[in-house]
Amino acid sequence: VRSLRRLLGRLRDEGHCVLFSSHVMQEVAALCDTVVVIAHGTVVAAGSPASLLERSGESGLEDAFVRLIGSAEGLA
């Protein structure tokens with residue numbers, strides 16, 4: 001896991017675009033500049049981790065993710 005984190009961080013720092021799919025919000029917060037939240041096949045939010053926290057009113061990215069996908073429940 002540490003090796004993968006270093007590799008993804010290095011690629012990001014070199015300006016490469018990396019598509020990283022995960023439900024582990026600690027990793028997402030540490031590695032991603034932009035986050036796209038998809039629920040039921042629909043993009044329900046996109047932006048920086050900080051903007052998703054602000055939009056959701058939550059203090060942690062995992063809670064923000066849960067709130068944002070919960071807001072898409074009517075889409076199913």
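**Fold and surface**

Analyst: Along the sequence, the elements of this predicted model follow the pattern α-α-β-β-α-α.

User: How many helices and strands does the chain have?
Analyst: The order of elements reads α-α-β-β-α-α. The chain accordingly has four helices and two strands.

User: Which residues form a nonpolar patch on the surface, and what is their accessible area together?
Analyst: The patch consists of Val 36, Ile 38 and Val 43. Val 36 lies in strand β1, which covers residues 35-39. Together the three residues of the patch have an accessible area of about 270 Å².

User: Why does Val 36 count as partly exposed?
Analyst: Buried residues have under 20% relative accessible area and exposed ones over 50%, with partly exposed in between. Val 36 falls in the partly exposed class because its relative accessibility is 46%.

User: Where is Val 24, and what is its relative accessible area?
Analyst: Val 24 is placed in the loop between α1 (2-13) and α2 (25-31). Val 24 is partly exposed, and its relative accessible area is 45%.

User: How far apart in space are Val 24 and Val 43?
Analyst: In sequence, Val 24 and Val 43 are 19 residues apart. From C-alpha to C-alpha, their separation in space is 18 Å.

User: What percentage of the chain's accessible surface belongs to carbon and sulfur atoms?
Analyst: Buried residues account for 28% of the 76 residues in the chain. The accessible surface of the chain is about 5,400 Å². Of that surface, the share belonging to carbon and sulfur atoms is 52%.

Key. Residues are numbered from 1 along each chain as its sequence is written. This is a predicted model: local features need pLDDT of at least 70, side-chain atom pairs count only at pLDDT 80 or more; totals for chains, interfaces and linings use all residues. Side-chain values use heavy atoms; hydrogens and water are left out. Patches are made of residues with over 30% relative accessible area and no salt bridge: like charges are joined within 9 Å, nonpolar side chains (Val, Leu, Ile, Met, Phe, Trp, Tyr) within 5 Å. Accessible areas come from the Shrake-Rupley method with a 1.4 Å probe; for residues, only the protein chains shown count as cover. A salt bridge is a side-chain nitrogen of Lys or Arg within 4 Å of a carboxyl oxygen of Asp or Glu. Buried means under 20% relative accessible area, exposed over 50%, partly exposed in between (1.4 Å probe, protein chains only).
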